[in-house]
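Open the model in your viewer and keep the sequence panel beside it. The stops below say what to select and what is there.

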Amino acid sequence: MTTTYDFEDTPSNYDDVQRQGGQDAVYDPNFVPDSVKSFVVHMYRHIREKNVYEIHQMCETSFQTLSERLFKDTPWPSVEAIAPYVDNDHVFCLLYREMWFRHLYARLSPTLKQRIDSYDNYCSLFQVVLHGVVNMQLPNQWLWDMVDEFVYQFQSFCQYRAKMKNKTEQEIALLKQNDKAWNVYGVLNFLQALVEKSTIIQILEQEKEGLEQFTATDGYDYSGGSNVLKVLGYFSMVGLLRVHCLLGDYHTGLKWLQPIDITQQGVYISVIGCHIATIYHYGFANLMLRRYVDAVSEFNKILLYIYKTKQYHQKSPQYEQLLKKNEQMYALLAVCLSLCPQTKLVDESVNSQLREKYGEKMMRMQRCDDEAFGIYDELFSYACPKFITPSAPSFEEPLVNYNQDAYRLQLKMFLYEVKQQQLLSGVRTFLKVYSSISLAKLANYMEVDEPTLRTILLTYKHKTHSVGSDGKVISNADIDFYINNDMIYVVESKPAKRYGDFFLRQIAKLEGVMNDMDRIKLE
Amino acid sequence: MESPKEQSSYTVDSNSKLIVVLVFVMDDSLTGYLEPERMNTHIVARILIKALMALPTPDFSLCLFLIPERVQMEEQFKALVVLSHYLETGRFQQFWDEAAKNRHFLESVPGFELAIQAYASHLLSLSYQKVPRSVLAEAVNMDGASLDKFIEQQVANSGWIAEKEDGNIVLPQNEFNHPELKKNAGENVPLEHIARIFPILG
């Protein structure tokens, strides 16, 4: 446990939120202000008494207020200093340290030693939970924050480690010694272990058949047990989705999310940060897998939800992050709709926001010229996750920075896909105008020869028809065609005509008219 | 988790296994102080060929997301990326030409040609109700007697019809080349709605 904190400058133009170290304030880790003493004493009592509401209030409000007032740019008192006030309770100390490091990352810049210590703390905490000896009931917000922060610190470490150029001798030595800290296999192992040990996947399955209660109680245990392992296991599925997206492994990420049905209510909605993280990564993964319609539907739903509910989260410490993700998802939505135009999937309020923010850029992207690529690049770079390279660095001279490598690869692959779809917008323009057209004529208009046109049409079919996770082919095209030897016939997807509803309405109306007529008395 | 070197054989019957093998193999290749083992390059090349065979699923793109740029620049992988590009953009003639130049390592995976021909047939079925024989020939890289045999098999097993007069192929009907077959979503009227007019009917 560090008893001093070191100032570390981490300049970067890639990290979104600047996390600069504070002034060299006079920090005595052993000094415990009365308000902190009171805080830990009350927190400890509430945890022992399983008073979830009070614990939640202390985490969300009291901790933030005290941080703002007393620990604006210094860490909280050390765990050793507060331990005596809480009977030196081992688990409470692990929980306190978790909050301690989270505060450090938020307000200051962690040193390498602190990063390693934080990892060790998570290991100890998760080990305790995995051994099933925890009998607490903690608020979902806190449990989500643990998983979220765990993944965030992993991402932060990978980025830190990849900047080898200006590392001091000490730092390099420490890195070499501690190769287990924030190792990708370690991180994945913990998240997977939480999922497996909690048997959350089986619980969710059995819940569908009415044999278990989980969602109905928001994950809380009302029969005297603990919610910690189950809910951590649940949130770890979202954590795994996030980690795999950071690695560029979208398929595996989505597989981990599968037990959670995002078309239904679930515990993932109980914490707004979790809800957003889930849909953001789900949408992004589907974008990379070319399942544009899936991505658009989900982005639409969550953006509408945020639009309606964000006022209630203004006081929350997660508000800034919420707004940022909101903006990023609008950018991703703009990208999806430019690649795969749809008219009926987006709600009006979301659509008007979208047009306001990205209306012009979307028009330029759809033109698919050189300028368009610049905009695709810009929006992708703004909205994408902070990709990481999971492997250990090379310690050979010359030391290089490779923190941008992962991002550059994903961007390159994405733009490559955009390029392959370049000619499709041209085809769409013509398909919109004609109900049928010969291959020869269309080839003439598009200034290509017939064989090339055939390949373009095949590309259109291939890119607009994705293969779902069940292996079925789904059409994403709002405008489609089929070819009969040399003639192209255009098919526009019309909304289904609902005759049933129409007749019901008319029947009721006619009955109303007949009743009115019956009431008229003729003189 | 197994270390990469223990992974001597693998079955690529599920996408996730393929990706997992790839991640472990890649980790080894990334560490600069290990000797680049030729074995790993071969494994990755095989995985990519299998991914090509999985078209139309985007397995190949999924793999490329995980392979570092400098590795993608190696000769074998460059060739495979080019092949994938031709297949993704329906350029079958260019694909088969390029594949012929790389026969030596493509042949290392059995069933490669058949898989690509299946993909070509799939794409044609999405797009055409009736396809000219010449277009089919180019797509599956066959002609003359072998093409006749191929068509015969499809007629027997997949519902193709070969027209006698001009040799064109009528492809089986599906909702993508026959839009009228697309199931009309939501024509079901819930019972509660009908129940509202029971008083009128009664």
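Select Pro56(B), which is found in the loop between α2 (38-53) and α3 (59-64) of chain B. Helices here are DSSP runs of H or I with at least four residues, strands are runs of E with at least two, and both are numbered from the N terminus. A cis peptide bond joins Leu55(B) and Pro56(B), with omega at about 10 degrees. Most peptide bonds are trans, and most residues other than glycine have a negative phi.

This is a predicted model, in which local features need pLDDT of at least 70 and side-chain atom pairs count only at pLDDT 80 or more, while totals for chains, interfaces and linings use all residues. Residues are numbered from 1 along each chain as its sequence is written, chains are lettered from A and ligands numbered from 1 in the order in which they are written, and side-chain values use heavy atoms, with hydrogens and water left out.

Next, show chain A as a cartoon. Chain A has 21 helices and 5 strands, and its C-alpha atoms fill a box of roughly 85 × 85 × 40 Å along the principal axes. Of its 523 residues, 56% count as buried; buried means under 20% relative accessible area, exposed over 50%, and partly exposed in between, with a 1.4 Å probe and protein chains only. Take the contacts in chain A between residues at least 6 apart in sequence: 73% of them join residues at least 24 apart. A contact means heavy atoms within 4.5 Å.

Two loops in chain A come next. Asp218(A) sits in the loop between α9 (200-208) and α10. Its phi is near 60 degrees, a positive value in a residue other than glycine. Asp218(A) is partly exposed, with a relative accessible area of 33%. Now go to Glu447(A), in the loop between α19 (439-446) and α20 (450-464) of chain A. Phi of Glu447(A) is also positive, near 60 degrees. At 74% relative accessibility, Glu447(A) counts as exposed.

Move to Thr252(A) in helix α11 (residues 250-257) of chain A. Is Thr252(A) buried or exposed? Thr252(A) counts as buried, at 9% relative accessibility. Its side chain makes a polar contact of 2.8 Å with the side chain of Asp249(A). A polar contact is a pair of N or O atoms within 3.5 Å; within protein, one must be able to donate a hydrogen and the other to accept it, and residues adjacent in sequence count only if both atoms are side-chain atoms.

Select helix α16 (residues 370-383) of chain A, which has 14 residues. From its first C-alpha to its last it reaches 21 Å, close to the 20 Å expected at 1.5 Å a residue; the expected span is 1.5 Å times one less than the number of residues. Show side chains for Ala372(A), Phe373(A), Ile375(A), Tyr376(A), Leu379(A), Phe380(A) and Ala383(A), which are buried. They lie on the same side of α16(A), because they cover an arc of only 165 degrees around the axis, taken from the directions from the helix axis to the C-beta atoms. Their cover includes α12 (272-288), α14 (319-339), α15 (348-366) and α17 (405-420) of chain A.

Finish at Tyr234(A). Among the residues that Tyr234(A) touches are Ile200(A), Phe214(A) and Tyr268(A), not counting residues up to four places away in sequence.
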